[in-house]
Amino acid sequence: MRRREFLGVLGGAAAAWPLAVYAQQVERMRRVGVLLADVPDDAQVQSRITAFRQGLEAFGWIIGQNIIIDYRWAGSVTVEKLRAYAAELIELRPDVILTYNSTALVAGRQLTSTIPIIFVLGGDPVAGGLVASLAHPGTNITGFPSFVEYDTGAKMLELLKEVAPQVNRVIVLQQSADPMFSGMLSTIEKAAVSLGVKVLRGAVTDASEMQQAIEDFAQAQIGGNGIIALSSQSTTVHRQLIFALAAKYRLPAVYPYRFFVANGGLLAYGPDDRDIFRRSASYVDRILKGEKPGDLPVQAPTKFELVINLKTAKALGLTIPPTLLARADEVIE
């Protein structure tokens, strides 16, 4: 090849380099949609999002460099609002959607069977008819449910009895008509038989239903009442209302996550929700690298926390057994 021809080829290749580099950068920029039935100024929600972003960064996904995250804050548990925001995210054609709570998951699932959806928190997706099995989801959905192990519900009841032995009647608060917690409820009811406790189901959606359910329950019997609040958007959004009613009617209550107790609840036993969000980033990474959600097994929590609020216990006239305090992961004074 003559020198002039060689330089011409070299010059053409050099001119193409910036285009090639630009194409690679565009190809590397991926999009993740995050659907939340919350408000952005909730400190607990922000701690979860921070954990998720830290998880992404550990896999090399940096916001604004090779990944974009689109958030939709529904600030509500209504199906209509969540469906509207799910539709907006789908219009953006994300590579994957992250969502939590059953209502948001169902809203997304009804609108797409192709975009991968990773869910965090919530109950059993098999019981909810969303995946074929935990080991082989077989759909566009997989994730990290917080209460897929049903014996957690029995443990919550046992701890409530340990803190307040006088409890012989409990109301279990859950999202209205949520089949993903059917197994949890059954386990609580079975454990209640041996503990001499009567279980009532409190399926609620909004604040008025929550207040009505707790007040009707408390006023039907003086003394011996308690509350088990399962993981749901209703119990999370309306947690201050639960705290207020529990204080008014002197109801010992056990909650699913640490932040309930940090906000004023009595007792919490459940998975570390921030750890779950951090772990969910591993599935985002794997899907962005080509794996299918239907091939990724649904994963149970690996870290659980027992948290006790001594100030709330004192206000309810309860003395926490020293053996229970010794077992607690955190005691808030």
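Rings of Phe, Tyr and Trp (for Trp, its six-membered ring) are taken to pair if their centres lie within 6.5 Å, and a pair is called stacked if the planes are under 30 degrees apart, edge-to-face if they are over 60, and tilted for the rest. By this rule F147, F243, Y255, Y257, F259 and F260 form one aromatic cluster. The structure is a predicted model, in which local features need pLDDT of at least 70 and side-chain atom pairs count only at pLDDT 80 or more, whereas totals for chains, interfaces and linings use all residues. Residues are numbered from 1 along each chain as its sequence is written, and side-chain values use heavy atoms, with hydrogens and water left out.

## Aromatic pairs

A search of the whole structure finds eight aromatic pairs, and two of them are set out below.

| Pair | Centre to centre | Angle between planes | Kind |
|---|---|---|---|
| F144 and Y283 | 4.8 Å | 55° | tilted |
| Y257 and F259 | 5.9 Å | 10° | stacked |

Helices (H or I, at least four residues) and strands (E, at least two) are DSSP runs, numbered from the N terminus. A residue is called buried under 20% relative accessible area, exposed over 50%, and partly exposed in between, using a 1.4 Å probe and protein chains only. F144 counts as buried because its relative accessibility is 1%, and Y283 is likewise buried, with a relative accessible area of 1%. R48 lies over the face of Y257, at 5.5 Å from the ring centre; a charge sits over a ring if NZ of Lys or CZ of Arg is within 6 Å of the ring centre and within 35 degrees of the ring normal.

Two strands pair if DSSP finds at least two bridges between them. Five strands form an open sheet in the order β2-β1-β3-β4-β5, and the pairing is parallel. Its edge strands are β2 (67-73) and β5, each of which pairs on one side only, and the twist averages 20° from one strand to the next. Strand β1 (residues 30-36) runs parallel to β2 and is joined to β2 by seven bridges, with R30 having I67 as its bridge partner in β2.

Contact means heavy atoms within 4.5 Å, while axes are lines fitted to C-alpha atoms, for helices over the stretch in contact, with angles from 0 to 180 degrees between N-to-C directions. Helix α2 (residues 43-58) packs on the sheet, touching β1, β2 and β3 (96-100), and its direction makes about 165° with that of β2. Helix α3 (residues 79-91) also packs on the sheet and touches β1, β2 and β3, its direction making about 180° with that of β1.

## The seven-stranded sheet

An open sheet of seven strands has the order β7-β6-β8-β9-β10-β11-β12, with mixed pairing. Because β7 (198-204) and β12 (330-332) each have a single partner strand, they stand at the edges, and one side of each is left without a neighbour in the sheet. Strand β6 (residues 169-175) pairs with β7 in the parallel sense over seven bridges, and Q174 has A203 as its bridge partner in β7. Helix α6 (residues 182-195) packs on the sheet, touching β6, β7 and β8, and its direction makes about 160° with that of β7. Helix α5 (residues 151-163) lies across β6, β8 (225-229), β9 (253-255), β10 and β11 (304-309), running at about 160° to β10.

## Nonpolar cores

A nonpolar core is a set of buried Ala, Val, Leu, Ile, Met, Phe, Trp, Tyr and Cys residues joined through side-chain atoms within 4.5 Å. Of the 89 residues in the largest such core, F52, I228 and L230 touch the most other members. Helix α11 (residues 273-288) gives the most to this core, with seven residues. Leaving aside neighbours within four places in sequence, I228 is in contact with residues including M156, L157, L160, V172 and V254. A second, separate core of eight residues includes A37, A74, A86 and A104.

## Two further residues

D272 lies in the loop between β10 (267-271) and α11, and counts as buried at 8% relative accessibility. Not counting residues up to four places away in sequence, D272 touches K303, F304 and E305. A58, by contrast, is found in helix α2 and counts as exposed at 66% relative accessibility. The C-alpha atoms of A58 and D285 are separated by 9.9 Å, and these residues are 227 residues apart along the chain.
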